Amino acid sequence: MVKVKHTESDSTTSNEFEFGTTGSDVEVTTSERLRDIYEEFVYKPGLVAWDDRRTRIGSIILFAYVLIGTVGVWLYEAPATNQDPRSLQPFEQFFVAPLGTTGSGEDVLAMAIHATPAMLIMVLAGGVFATGFAVLIGTVAGYKGGATDRLLTTFSDIAMSIPGLPLIMVVAIILSPENPAVIGVIITINYWAGLARSIRSQVLAIREHSYVEASRTMGTGTTRIIVKDIIPNIMPYVLVNFANAARYVIFAAVGLYYLGVLPTSVSNWGIQLNNAYKQAGALSGGGTFYQLLVPMAFIMFIALAFILLAQGMDRVFNPRVRTRMAGESKSESDDDTDTAAPTEVMN
Amino acid sequence: MNSYFVKRTGRAILTIWLVMTLTFGMIRLIPGGPIEMLRARLIRQGVDPSRIDAIVQTYKQDPTPVYVEYYEYVTSLLSGNMGQSFYYQEPVSALIVDALPWTVFVMVTATILLFVIAILLGALMAYHEGTAFDTVASSASILLSSIPFYVLAIGFVVVLSYQFGLFPARYRVGPGVEPGFTVQFLSNAIYHAALPIASVVLTQAGLQALAMRGNSIQVLGEDFVRVARLRGLSDRRIAVRYVGRNAILPMYTGFLTLIGFNIGGSVILEQVFTYPGIGYYMYQALINRDYALMMGVFLIITTTLVVSVYIADLTYGLIDPRVQSGGQSEAY
């Protein structure tokens with residue numbers, strides 16, 4: 001399986017492998033370094049990721065959302081009041097509104113589709129802000145130690161102690177943001193703190209490694225040590241947590257829209273949920289249940305994609321799995337048999 | 001250890017004070033004060049405009065500078081007075097004392113329950129790693145974790161309450177049930193809390209179970225487990241004392257922080273179930289710009305969070321003797 005993928009893409013990327021082996025960063029041009037980065041962080045993980053069922057399914061789902069958010073929005077007509085007959089059931093008039101309409105004649109599927117682009121921007125902004133800020137605070141605190149560490153740790157401890165959701169609600173009401181990127185950042189306004197704390201404790205161990213000590217003895221600057229020696233070590237962990245942060249952003253954003261704390265002038269799955277839930281309560285019948293199911297499905301699948309990515313990536317970056325890349329060992333299920341053996345004794 | 005204890009306690013108190021100050025300043029930035037909200041409410045109720053002005057006039061106070069307000073709030077807080085709720089016209093402390101036990105009951109029960117389930121399920125999955133059971137349980141865990149708890153809660157209310165009438169859709173207890181240590185009251189309270197608890201447990205247990213599974217698999221491969229087997233110890237003893245203990249250890253801090261996180265999440269959950277706990281009051285206070293009530297709820301949730309992290313930090317060294325609490329590292 002891996003082999004096939006390997007040779008398939010070899011033709012296009014064979015020269016990258018040659019440059020990759022030069023390794024040292026003494027006299028490389030920018031393009032070479034970019035290629036190195038591409039190979040180390042995109043191509044190789046991508047290859048291994050594709051081999052893992054979870055990350056493969058997760059990537060496919062996520063790609064589908066990106067398609068919906070870009071092409072889908074362009075192809076599918078935007079929702080508007082009274083665009084279609086009111087309260088159509090799903091599949092009742094498939095070519096008018098496949099998944100039915102609301103009580104005010106809005107296409108349910110159109111509402112869900114047109115909420116996607118904003119959600120994707122929110123997820124990206126929130127994820128980048130949360131992980132980026134956490135890496136900055138965590139690495140500097142862990143590497144510098146002393147007073148800097150105490151200051152930054154106290155700062156993240158305080159941020160961690162503010163109740164997340166209530167804080168976001170208050171900030172959302174104060175700023176009443178319309179821009180999805182701003183909403184994403186607001187949602188992760190104190191999410192980074194927990195991550196920064198765990199990155200710090202990992203850096204505390206990394207800073208004792210001999211190669212970090214060597215860099216320091218050579219008089220390398222702090223920024224360079226952090227970027228060159230420390231961040232590559234925690235990168236896998238950061239990527240896994242990016243996926244977790246993304247899921248958190250989705251859950252919190254939909255929750256805030258559901259509560260009506262964020263401006264309700266846009267399309268969002270949370271607003272759909274709220275409207276459908278109110279109607280379901282008023283009519284006390286299952287006649288409007290489809291209006292709940294559509295946004296629920298949209299929320300669930302994108303969250304599922306991020307969970308699968310996070311769970312799968314945990315394995316992707318496991319060094320034992322990555323040796324497969326080099327084709328050094330055939331013992332791909334080494335770790336499985338290792339741990340499975342004592343299991344039998346246990347039974 | 002002793003100086004660490006003093007420092008850690010000092011930092012916990014400092015944190016609570018800073019969060020309180022920050023919150024105090026922040027909620028005064030919220031557009032529209034309590035008076036405007038009262039006026040809007042009266043207009044919606046169709047009260048005569050001239051009467052509205054009269055009512056609003058009775059509530060109007062001379063504007064005091066924020067720092068004076070802050071000083072008054074802190075001094076009265078130190079004597080245990082959290083102020084008067086503008087919206088409910090009741091002391092904030094009375095509202096919180098009434099609401100907090102219910103939120104704690106729902107969220108702490110749910111968190112304990114989900115960890116017990118996660119630990120048992122995760123251990124089972126680890127022991128049967130690679131079997132069909134493991135695959136099915138892992139997939140189910142991932143699928144359930146992709147549902148936000150409030151989405152499952154909405155689904156529960158619509159299907160189980162509205163459609164089939166199996167569970168109550170709202171409130172803490174049924175009408176006419178008197179609080180007290182009676183079987184009727186307790187069973188009614190559990191009956192009303194069942195759906196909120198279930199929606200938290202079902203959506204959060206999965207990821208914890210997967211974490212437990214990973215930990216257990218790792219511990220099972222350790223040398224000391226092999227040695228224990230060679231010593232001929234019973235499987236039961238190995239499972240509980242050697243594997244279980246070491247696999248659960250890393251989840252301990254997560255457990256305490258999840259309790260705090262869930263109490264914050266009660267804002268949405270209690271809104272779905274119209275369950276008057278502190279999350280419900282937080283939302284009402286925010287919508288009606290009830291500053292005193294909002295501050296009170298914020299303080300209570302913050303204190304819960306700070307205290308749980310504090311307990312986690314202090315007790316972790318006791319549970320895991322390898323960790324030396326509070327070691328300072330050399331500065332570069």
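Biologist: Among contacts in chain B between residues at least 6 apart in sequence, what percentage join residues at least 24 apart?

Modeller: Two residues are in contact if their C-beta atoms, placed from the backbone, lie within 7 Å. In chain B, residues at least 24 apart make up 72% of the contacts between residues at least 6 apart in sequence. For chain A, where contacts with a separation of 6 or more are considered, 69% involve residues 24 or more positions apart. Please keep in mind that this is a predicted model, in which local features need pLDDT of at least 70, side-chain atom pairs count only at pLDDT 80 or more, and totals for chains, interfaces and linings use all residues. Residues are numbered from 1 along each chain as its sequence is written, while chains are lettered from A and ligands numbered from 1 in the order in which they are written.

Biologist: How many helices and strands are there in chain B, and how many in chain A?

Modeller: Helices (H or I, at least four residues) and strands (E, at least two) are DSSP runs, numbered from the N terminus. Chain B has 13 helices and 0 strands, and chain A has 14 helices and 0 strands. The C-alpha trace of chain B spans about 90 × 60 × 40 Å along its principal axes.

Biologist: Where does UniProt place the feature "transmembrane region" in chain B?

Modeller: UniProt positions are given in the numbering used here, feature names are shortened, and annotations may be inferred rather than shown by experiment. According to the UniProt record, an unreviewed entry, the "transmembrane region" feature of chain B lies at residues 12-30, 102-127, 147-169, 189-210, 247-269 and 291-312. In the model, residues 12-30 of chain B are 84% helix and 0% strand, with end C-alpha atoms 27 Å apart. Residues 102-127 of chain B are 100% helix and 0% strand, and their end C-alpha atoms lie 38 Å apart. The unreviewed UniProt entry also places "domain: ABC transmembrane type-1" at residues 100-310 of chain B; that span is 80% helix and 0% strand, and its end C-alpha atoms lie 20 Å apart.

Biologist: How many residues of chain A are in contact with chain B?

Modeller: On the chain A side there are 48 such residues, and they are in contact with 51 residues of chain B. Elements that give two or more residues to this side of chain A include α4 (108-144), α10 (222-259) and α12 (289-316) of chain A, and α12(A) gives the most, with 10 residues. To sort residues by class, Ala, Val, Leu, Ile, Met, Phe, Trp, Tyr, Cys and Pro count as nonpolar, Asp, Glu, Lys and Arg as charged, and the others, Gly among them, as polar. The side of chain A that touches chain B has 32 nonpolar, 11 polar and 5 charged residues.

Biologist: At what angle do the axes of α4(A) and α7(A) cross?

Modeller: Axes are lines fitted to C-alpha atoms, for helices over the stretch in contact, and angles run from 0 to 180 degrees between N-to-C directions. The axes of α4(A) and α7(A) come within 7 Å and cross at roughly 45°. Angles under 35 degrees count as roughly parallel, over 145 as roughly antiparallel, 65 to 115 as roughly perpendicular and the rest as oblique, and α4(A) and α7(A) are therefore oblique to each other. Among the residues that meet here are A:A118, A:I121 and A:F129 in α4(A), together with A:P180, A:I183 and A:I187 in α7(A). The contact of α4(A) with α7(A) has 11 nonpolar, 2 polar and no charged residues.

Biologist: Which residues of α7(A) meet α10(A)?

Modeller: Helix α7 (residues 180-187) of chain A and α10(A) have axes that come within 10 Å and cross at roughly 105°, and the two helices are therefore roughly perpendicular. From α7(A), the residues A:I183, A:G184 and A:I187 meet A:V249, A:A252 and A:A253 in α10(A). By class, the contact of α7(A) with α10(A) holds 5 nonpolar, 1 polar and no charged residues.

Biologist: Is A:G194 buried or exposed?

Modeller: A residue is buried if 20 or more other C-beta atoms lie within 10 Å of its own, exposed if 12 or fewer, and partly exposed in between, with C-beta atoms placed from the backbone. A:G194, in helix α8 (residues 192-206) of chain A, counts as buried because it has 20 C-beta neighbours inside 10 Å. A:A205 also lies in helix α8 of chain A, but A:A205 is exposed, with 10 other C-beta atoms within 10 Å. Over the chains, buried residues make up 41% of the 347 residues in chain A and 36% of the 332 residues of chain B.
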